[in-house]
Amino acid sequence: MATANTAPAPIIEARKLEKFYPQPDGSRIQVISATDLAVYPGQIIALLGPSGCGKSTLLRMLTGLSPASAGMVYWHGQPATNESPNVSIVFQSFALFPWLTVLENVEAPLEARGMPPIERHKRALRIIDAVGLDGFESAYPKELSGGMKQRVGVARALVVEPEVLFMDEPFSALDVLTAETLRGELLELWLGHKIPTRAIFIVTHNIEEAVVLADRIIVLGRNPAHIHADFTVDIPHPRDHKSPHFIELVDSIYRVLTRPEHRDETAPPRTFGPGRPVAAKTLMLPHTRPGGMAGLLEILADQGGRSNLHHLADELSLEVDALLPTVDTAVLLGMLRLEEGDAVITPVGQAFAQADIQARKAIFRKAALASVPLLRQMEQALKAKANRTLPDEFFRDLLDEQFSEEESQRQLETAIQWGRYAEIFDYDAAIGKLTLTET
Amino acid sequence: MNRPLGSRWSWAFLIDIAVFLVVFAAIFGVYAIGRAWLGPVQPQAQISQNPRVLPLYALYSLVRLSVAYALSLGFALAYGYIAASSRRAEIVMVPLLDILQSIPVLSFLPGVMLAMVAIFPYRQLGVELGSILLIFTGQVWNIAFSFYSSLKTIPSELNEAAKIYRFSRWQRFAELDLPFSTIGLVWNSMMSVAGGWFFLMACEMFVLGKRDFRLPGLGSFLQTAASNGDTRAILWGVAAMIAVIVLLDQLLWRPVIVWADKFKFEQVESSSAAQPFLLNLIGRASIAIRVYRLVFRPFFQWLTLSFTLGARRAAETFSAPKQHYVRRAVGYLLAAGILVGLGFAVFHAARELSDLHHADYIELLESAALTFLRVNTALILGALWTVPVGVAIGSSPRFARIAQPLAQMAASIPATALFPVILLFLIRLRGGLEIAAMLLMLLGTQWYILFNVIAGAMALPTDLKEAAHIFRFSSWDRWRHLILPGIFPYLVTGMVTASGGAWNASIVAEYFHFQGRIVSTAGLGSSISSASDSGRFDVLLASTLIMASIVVLINRLLWRRLYRLASSRFKLET
């Protein structure tokens, strides 16, 4: 997988890196499947993927924050075990200490390295100047705007002169314009060799951000996370969003992200007929609300039933992160087809988009019961009970066998949303009971 | 708003003089206290009833409270830190806190006192330390719990930042753990010190079997005045106590609260920052901040640097695995020691308890039922008046501006100090002590409910209030659909604290030395007090166990459920 065309030896190399949670019954919940990954000097690498796919976990394993379940991370060919290598992280939520001033925040990592006060003062001021925070040294983070806060985050990360700078969705908590400015400033520091950092590793769910910044884009797939594609970007800086080369790359990443992956263990869910035992791994529901899908289908129907996903995201000003689960839902329910980066509405989807609210529910119900084994299971379990009622824990226990605790909670919440919308069952949240809807 | 330069100079001068006086007083205080503590034991210390001794007595009490508080803080930080950082310790330490919190102060009395007097048989220090430890047992648990739960709620990205930037343990503690917990610690410290004042009378003067311990202080002054029935002295004592508490509030707590605001964990500056209610407060708050910047922060940074270097050096000299073995061995030894100690204690306690007759237990359970009725009557009465008043204060900013400082002032006066005054009026009535006992519980605990209700009413979203207005809700509908559900989580929080406090207050409310005799009414608190008075350790042990289990049971069965309901159904999410 590693693109070994860049000659020098990698700074970081992950070999067969894995993350899983062993279960009491001996099975394991696999979060990240065995992954090989290398970070070469002189590159900005973007790790791209839908939310909840394990990007951040992978970043934390590479930095040593989170231990790997199996496999090994090498730093300059040496196993990185105890001694944490010289890295920094810029966090999505900034993770500044609100009780420290800007200067104190930037000095804190130097303090941790035992640097004497005068020297660390000098170094901190220099980097504060470099990121454009001059004059804000004695301000507290809460006095700053989001963009200024993330500048502090960047200054704090750079002050230790890290060999690799890790960034965990650094611009996603900022508004569009601020994010754009900060990206520009980061590139300026990097391309102008104003920082001694030798590589940048950025986790993002924003495709354009990845294409603007990165020399290499790694696309992660889900369930469990694995490397789905690896792009090399050779567009010269500054990159023009409107240039054909740029748009072409964005489109092809979209195609990869939405391309169904035919791997052995994941057959598409719709192949299950009634009565056939349900394979555990196929139950994962995308976390969306039926209302969102309805909106997507309506827009698609308005546009003649076919549209490029990239344009669709632009038009809805949605990031892939928000769009993809909705698309997944529509595909899962058979209301949408994907053809090479285009979303195409199916007859069922067309009917759904044009129906009124009651008819929609009927269509949704039929589609959901046909394609979502979990909902079918739930309906059957409720029918089997004389009082047509079951506690939600019953289903959570079932899901717990396949998912982490957090994920099974989310799965159940999504299933309940869908089931309520489809009027399959009713749910009383106060007592946690599901009751079959009488028809 | 610019102050003329001249007045600023005179301010500085006044402050200088004040500082000088404080230092002078402090030196004298240290001297006086040293002489008293290191002096020989005074078996029957005479507690003077002359108002002129009050400043000195106030100083004695204040020092006792301060030492006890300092001990509490240190212990609480250590306890919370260990509980939060070791998963194995956490399993035991957190439920243990719950239980310790429900044990009334006086139940610790015999053990603490006898141990201290045994350690220092010839010095007043023994009795002093005993008293301090008693105050400590009443202050420490909620601070420890607050620190523990703060540590557990530190956002994960902050933890990761500290880790990736290689903070040493100390730096982590000084720059993340402690600042993040500061606000909780400050509020709980205030509550704890208020609790210290509440139980001061019980902690400065007590009888243990045949031995009579008395320590000069505000609490013993009041207690003596009460048992002599000396109205004038009672009033003097109450006045002195109120004066000290008000001074403490204005000079210490208010500035500290303002200072603590900087530790609020928020990314945006809130517009509704707590406005200090005294105008000149800003000046004093800035003193607190200046002291912090000039003294504490450099000191902390110096510590950080030396710890970091120390840790480096240690890492160079020791090989890591060896340290691991040593630490593990020490851990096992410690655990084994604790287990043996526990086994021993349980064995003896069981033998002690088996000596008690069946009838004794029945009597204790009857007393428990009586106290149960009293506590809950007091709670219901408290809720009945505080809910409407609290909602009124919370929903009218103009009313709040007048009423809130008054309520805060009233809340800071310990009910126990007022108790003798109340008794003076009620003792002649039939069932007077019955009423007085409930009144004391009410006085001691209603504030928790009131302040929580105020906070709840203030947090009611304006749009919901507007909706209620637009749809012309009747006032009954408004209460039913908006106010009561909105304040419910806050009300539950207040009631939990109040309930625990009321059970604890029963030990001073149901049994009292007054006008040369003992006035008491049947109840679990009175069983505990009289058992400790007469040195019946078996009864004391049994009644303590019963009270602790009742409090824990009520917490588990009632409050925790209501709490869960409050946080799931009645949470106002934005």
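Student: Which residues touch the most other members in the largest nonpolar core?

Tutor: Keep in mind that this is a predicted model. Its largest nonpolar core holds 127 residues, and A:Ala46, A:Ala155 and A:Leu297 touch the most other members.

Student: What does A:Ala46 touch, leaving out residues up to four places away in sequence?

Tutor: Look for A:Ile202, A:Thr204, A:Ala210, A:Leu213, A:Ala214 and A:Ile217. There's also another core, lying apart from the largest one, with 115 residues. B:Leu59, B:Ile132, B:Leu185 and B:Leu524 are among them.

Student: Okay, on to chain B. How many helices and strands does chain B have?

Tutor: Chain B has 20 helices and four strands. Out of its 574 residues, 36% count as buried. Now take contacts in chain B with a separation of 6 or more: 78% of them come from residues 24 or more positions apart.

Student: How do I read a pair of helices, say α4(B) and α5(B), and at what angle do their axes cross?

Tutor: Compare the directions of the two axes. Helix α4 (residues 109-119) of chain B and helix α5 (residues 124-152) of chain B have axes that come within 8 Å and cross at roughly 150°. An angle over 145 degrees counts as roughly antiparallel, so α4(B) is roughly antiparallel to α5(B). The crossing is right-handed.

Student: Which residues make that contact?

Tutor: From α4(B), they include B:Leu109, B:Val112 and B:Met116; from α5(B), they include B:Gly126, B:Leu129 and B:Leu133. By class, the contact has ten nonpolar, two polar and no charged residues.

Conventions
Residues are numbered from 1 along each chain as its sequence is written. Chains are lettered from A and ligands numbered from 1 in the order in which they are written. This is a predicted model: local features need pLDDT of at least 70, side-chain atom pairs count only at pLDDT 80 or more; totals for chains, interfaces and linings use all residues. Helices (H or I, at least four residues) and strands (E, at least two) are DSSP runs, numbered from the N terminus. A residue is buried if 20 or more other C-beta atoms lie within 10 Å of its own, exposed if 12 or fewer, and partly exposed in between; C-beta atoms are placed from the backbone. Two residues are in contact if their C-beta atoms, placed from the backbone, lie within 7 Å. Axes are lines fitted to C-alpha atoms, for helices over the stretch in contact, and angles run from 0 to 180 degrees between N-to-C directions. Angles under 35 degrees count as roughly parallel, over 145 as roughly antiparallel, 65 to 115 as roughly perpendicular and the rest as oblique. A crossing is left-handed if the near helix is turned anticlockwise from the far one by less than a right angle, and right-handed if clockwise. Ala, Val, Leu, Ile, Met, Phe, Trp, Tyr, Cys and Pro count as nonpolar, Asp, Glu, Lys and Arg as charged, and the others, Gly among them, as polar. A nonpolar core is a set of buried Ala, Val, Leu, Ile, Met, Phe, Trp, Tyr and Cys residues joined through C-beta atoms within 7 Å.
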